[in-house]
Number of protein chains: 2
Amino acid sequence: VSAPALHILVVGAGFAGLAATRKLAGNKNFRITLVERTNHHLFQPLLYQVAMAGLNPSEIASPVRSILRKYPNVTSLMGEVTQIDRANRQVTLDNGEQTISYDYLVLAVGGKTSYFGKNEWEAHTLGLKTLDEALAIRQQILHSFELAERAESESERIRLMTTVLIGGGPTGVEMAGGLAELTRSVIRWDFRNIRPDQARVILLEGSDRLLSAFPEKLSKYTADRLTQMGVDVRLHTRVTDIQAGEVHIGDEVIKCATIVWAAGVGGHPLAKQLNCDLDRGGRAIITPQLHLKEDPRVYCLGDMAALTETLADGKTRALPGVAQVAMQQGALAAKNIVLAANNKELLTFKYWDKGSMATIGRSSAIASTAYANLTGFPAWMAWLFIHLIYIVDFQNQLLVLSRWAWSYFTWKWGARLITRVPKIDATLKANSNEGSPTDLSATEKTESSGNPSSGD
Amino acid sequence: VSAPALHILVVGAGFAGLAATRKLAGNKNFRITLVERTNHHLFQPLLYQVAMAGLNPSEIASPVRSILRKYPNVTSLMGEVTQIDRANRQVTLDNGEQTISYDYLVLAVGGKTSYFGKNEWEAHTLGLKTLDEALAIRQQILHSFELAERAESESERIRLMTTVLIGGGPTGVEMAGGLAELTRSVIRWDFRNIRPDQARVILLEGSDRLLSAFPEKLSKYTADRLTQMGVDVRLHTRVTDIQAGEVHIGDEVIKCATIVWAAGVGGHPLAKQLNCDLDRGGRAIITPQLHLKEDPRVYCLGDMAALTETLADGKTRALPGVAQVAMQQGALAAKNIVLAANNKELLTFKYWDKGSMATIGRSSAIASTAYANLTGFPAWMAWLFIHLIYIVDFQNQLLVLSRWAWSYFTWKWGARLITRVPKIDATLKANSNEGSPTDLSATEKTESSGNPSSGD
């Protein structure tokens, strides 16, 4: 009927890729293919709540093809792009046998956890980037508490109830707060042998404060609140080694069941395929119009791209790796592709910083905007409201809201099921019992075990 | 203060074990330890909805220690009993180093999938007894559909969209109905290359009718409804061999991506540890008072036990392996333990059959009671109501109700996320492409692909 539609290939259904796809989706001049390694868009800011058993995976993630079902010009494929051939404008998929050619390519596959050259630490730690990783953290912690209830010595019990979080950014802070609540409050009445106040949550940060992207006052507030909640917050603390179930800080060795690595993000390996300039962190360097400077047909967005902005005072800074940047870049990339297809001049990216926020725990959060800083309950309400609005799926907005209301009033977190083998098994093995078998039925129950019988 | 409490050890937190534990929990003369292999009680009748991505795991399962948190005389332990020593009244746990001694033992660990001696079939099929197995079925089916969307030949696409269900009991029927809805309706608008009417659901039953425990009229109704929904129902059909992705029926070979085994349940291996008489299926033979005839201190309940009842017409039959039997046995075992502890005469088990039901699909179910048989919408409403009532957790009752209402009106099933590597990988590998790489972007989109664009 008309000229053949231009084919836009979008790789990655995170905030940037989805924003670009949605912006182009209504436009009949384009066909869009969206390739995503998993089959879902993930609302990453709430991922730590899946790890903490507060939310279900399906409440913060939606199948990509459901989100895009009403756009006939969008095809969604599950797959991983492994090679990029800019000269022939095509990419190769994981099985090595299928290729996809494009008129414009939008790459937005996110960042990759970085271990600062200590890749051997990966085997002993858990990350928090995907649903699968969130579920792995959940299984590890729930499992270790079950084993603690059966543990035969006090030291073994305490080890099984110790979690070390490495990195005092938003992920580390939100996990620490959530974990303190889970262990001190939510499961308080559930165990007989464990004393919940024996659970240790240790948050390690190398610099002199938590949440370094926020104003100093808010960092201080956060550290104080976490400490009140029972988290062992340690600043100026550099990890020197990690072994199975052991975090070394110089001569000190912390024995624990779970180690969460939330300390570093670097560029995605796929950026190397682009044959373009990368920054020191391995991110592809892009123009203010968001495409590679080497190739106006390849856009590169979000955590896998490097772009600096000039602030009001004339200083420059690298754009932060947050959802807002990704979403705004996705929208502008889509606009620029339309402009480019019409031989018009491209627009320049200008980041509109609407402010940042982080939650610490129940009724407690911080928020920082150009106009004001908020802490405590007002910040927490703002956090709830904004996060609910940005969840993609209407059903999930309802579900998350009702689940939050439920757990707020009942202290019950629903998703505490152990359904899979823990990823890091070694740290869950109890130290071998050298003597004769122990009879668990002889365990004395103490009134201090947090049992509500007396006051119930 | 008083005489030491008797120690009751309950193994298994299914319907029988949980009923026994709850009945004893208030009684100060007893201490109860409940050992469960997972950490949760599972509402098994809705497990197929987890497999079909209609419900989340946490909506049909609750942590055992949460359910029992208010009873100070109940200790819950996660673990697996591996040995039973009736002479010394103690059991050994999985690590081999911990034992638990008892005054009375209540064994209720359920049944085990039986392959009629063809244990090599297990590797190629998926069962449906645990949450983990339900999630494995879900991942396998979702994954195979994603690969079908990328498939290069029509035959490969159809193979990837074919599911074979072996066994025409309630599990097979409910899965067949759910799967037909999922593939024909729920995902109808989500794919571009797949035609949902190419999806094949094949239900194989060896005998002359489905649901042999129900009246013949209802079996007929079920088969007709399933056929209308697009299920290929085959009676009198015996599987002769199973290979990876292949079901053999004599000379016919059905190539498929997913094979679900729902054909047989036998006794649990733990019954062999009891050193007592077993029936042909490996179930422990118990007295009408529900303990082993060899040992009045060991009760054995539910699917792992064999007991016959005498019907009104004087005939005898083996009690069916259903939740009602398990719950009623759990309650009576608890009563009998109290009676035994007080040297009183034990009560005899009398099964009160409240009727059976099975759901076929949206607005369609069958129910059979002593007074009437129901089909269609009335049966479906009864099914919904009764299943909601029996879900243990109040929050889960609300969640399941709202999720059912949502999916009924919107045709959206929320939990369609691929989060883990599929269990049976071999059948998901595409046949090797001998020629040159295929460019997927060249795929022609047809209007027959179920796309709602025209009417949207």
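The model is predicted.

The interface was then considered as a whole. On chain B, 72 residues are in contact with 72 residues of chain A. Together the chains bury about 6700 Å². Carbon and sulfur atoms account for 47% of that area. Three arginines stand out on the chain B side. B:Arg65, B:Arg69 and B:Arg150 supply 13% of the area that chain B buries against chain A, more than any other three residues.

Charged pairs also span the interface. Side chains of opposite charge can pair when their charged atoms come close. The structure holds 34 salt bridges over all chains. Eight salt bridges are found across the interface of chain B and chain A. In one pair, B:Arg65 forms a salt bridge with A:Glu149. The closest N and O atoms of B:Arg65 and A:Glu149 are 3.9 Å apart. This distance counts because a salt bridge requires the nitrogen to lie within 4 Å of the carboxyl oxygen. Another salt bridge joins the side chains of A:Arg65 and B:Glu149, with an N to O distance of 3.9 Å. That pair crosses between chains. A:Arg65 sits in helix α4 of chain A (residues 64–67), and B:Glu149 sits in helix α5 of chain B (residues 131–150).

Helix packing was examined within each chain. In chain B, helix α1 (residues 15–25) packs against helix α9 (residues 323–341) at an angle of about 35 degrees. Their axes are 7 Å apart. The crossing of α1(B) and α9(B) is right-handed. From α1(B), the contact residues include B:Phe15, B:Ala16 and B:Leu24. They meet residues of α9(B), among them B:Ala323, B:Met327, B:Gly330 and B:Val338. By class, this contact has 11 nonpolar, one polar and two charged residues.

Chain A was treated likewise. Helix α1 (residues 15–25) and helix α9 (residues 323–341) of chain A pack at about 35 degrees, with axes 7 Å apart. Again the crossing, here of α1(A) and α9(A), is right-handed. Contact residues of α1(A) include A:Ala19, A:Ala20 and A:Lys23. Those of α9(A) include A:Ala326, A:Ala331, A:Ala334 and A:Lys335. The contact of α1(A) with α9(A) divides into 11 nonpolar, one polar and two charged residues.

How values were computed: Residues are numbered from 1 along each chain as its sequence is written. Chains are lettered from A and ligands numbered from 1 in the order in which they are written. This is a predicted model: local features need pLDDT of at least 70, side-chain atom pairs count only at pLDDT 80 or more; totals for chains, interfaces and linings use all residues. Side-chain values use heavy atoms; hydrogens and water are left out. Axes are lines fitted to C-alpha atoms, for helices over the stretch in contact, and angles run from 0 to 180 degrees between N-to-C directions. Helices (H or I, at least four residues) and strands (E, at least two) are DSSP runs, numbered from the N terminus. A crossing is left-handed if the near helix is turned anticlockwise from the far one by less than a right angle, and right-handed if clockwise. Contact means heavy atoms within 4.5 Å. Ala, Val, Leu, Ile, Met, Phe, Trp, Tyr, Cys and Pro count as nonpolar, Asp, Glu, Lys and Arg as charged, and the others, Gly among them, as polar. Buried area is the accessible area (1.4 Å probe) that two parts lose on being put together, summed over both.
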